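Please examine the structure shown below, with its sequence at hand. The paragraphs that follow lead through selected parts of it in turn.

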Amino acid sequence: MLGFDAAVPQFEALGAQVVGVSADHFATLAAWQKTNPIHHLLLSDFRRQMLPTYGAMETSEQSPIFRYAKRAYFIIDRNGVVKWIKVMDNPLDLLNPDDVLKALKAAA
């Protein structure tokens, strides 16, 4: 998230808003933000209502990581249309903000 926070001005210059969504409780996110100040919006999907809708959660009950959030990146236009998706196989893998910026420019 910190890498994306540093790139917020570049996203805003393209008319985009950076929003982070986590399956962590909002209190956990608030505590994290105290030690990791970020300038973009960070939302909690603790009840896991949004993440499965976008394919960003393991939904197979047979999986050892059932109901865990996946690291995923989306470009969603102002009308709610998903223009680009990248879901990482390994939750420890991070996508470079430059890759998302390229996708944003291509989706425009």
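**A guided reading of the predicted model**

Lys83 is partly exposed, with a relative accessible area of 44%; partly exposed denotes the range between buried, under 20% relative accessible area, and exposed, over 50%, computed with a 1.4 Å probe and protein chains only. The structure is a predicted model, in which local features need pLDDT of at least 70 and side-chain atom pairs count only at pLDDT 80 or more, whereas totals for chains, interfaces and linings use all residues. Residues are numbered from 1 along each chain as its sequence is written, and side-chain values use heavy atoms, with hydrogens and water left out.

The side chain of Lys83 meets that of Asp77 in a salt bridge, with an N to O distance of 3.8 Å. The term requires a side-chain nitrogen of Lys or Arg within 4 Å of a carboxyl oxygen of Asp or Glu. Side chains of opposite charge can pair when their charged atoms come close. Asp77 is likewise partly exposed, at 24% relative accessibility. A search of the whole structure finds one salt bridge.

Attention now turns to the largest pocket. Its volume is about 1600 Å³. A pocket is defined on a 1 Å grid over the protein atoms alone, as an open set of points where a 1.4 Å probe fits, with protein on both sides within 12 Å along at least five of seven lines; lining residues have an atom within 4 Å of a point. Grid points are joined across faces, edges and corners, and the volume is the space filled by probe spheres set on the points.

Which residues lie nearest the centre of the largest pocket? They are Val19, Gly20, Val21, Ala72 and Phe74, out of a lining of 48 residues. Several elements each supply at least two residues of this lining: helix 1 (2-6), strand 1 (19-22), helix 3 (26-35), strand 2 (41-44), strand 3 (72-76) and helix 4 (97-107). Helices (H or I, at least four residues) and strands (E, at least two) are DSSP runs numbered from the N terminus. By residue type, the lining divides into 33 nonpolar, seven polar and eight charged residues. In this division, Ala, Val, Leu, Ile, Met, Phe, Trp, Tyr, Cys and Pro count as nonpolar, Asp, Glu, Lys and Arg as charged, and the others, Gly among them, as polar.

Val19 and Val21 also belong to a nonpolar patch on the surface, which they form with Leu41 and Leu43; together the four residues have about 270 Å² of accessible area. A patch is made of residues with over 30% relative accessible area and no salt bridge, where like charges are joined within 9 Å and nonpolar side chains (Val, Leu, Ile, Met, Phe, Trp, Tyr) within 5 Å. Accessible areas come from the Shrake-Rupley method with a 1.4 Å probe, and for residues only the protein chains shown count as cover. Strand 1 and strand 2 each supply at least two residues of the patch. Leu41 is found in strand 2 and is partly exposed, with a relative accessible area of 41%. Leu43 also lies in strand 2, with a relative accessible area of 37%. The C-alpha atoms of Leu41 and Asn79 are separated by 19 Å, at 38 residues apart along the chain.

The loop between strand 2 and strand 3 comes next. Arg48 is placed in this loop, and its phi is near 55°, a positive value in a residue other than glycine. Arg67, found in the loop between strand 2 and strand 3, has a positive phi of about 70° although it is not a glycine. Both arginines are partly exposed, Arg48 at 21% and Arg67 at 37% relative accessibility.

Tyr54 lies in the loop between strand 2 and strand 3 and counts as partly exposed, at 26% relative accessibility. From C-alpha to C-alpha, Leu51 and Asp5 are 21 Å apart in space and 46 residues apart in sequence, while Tyr54 and Leu94 are 18 Å apart in space and 40 residues apart in sequence.
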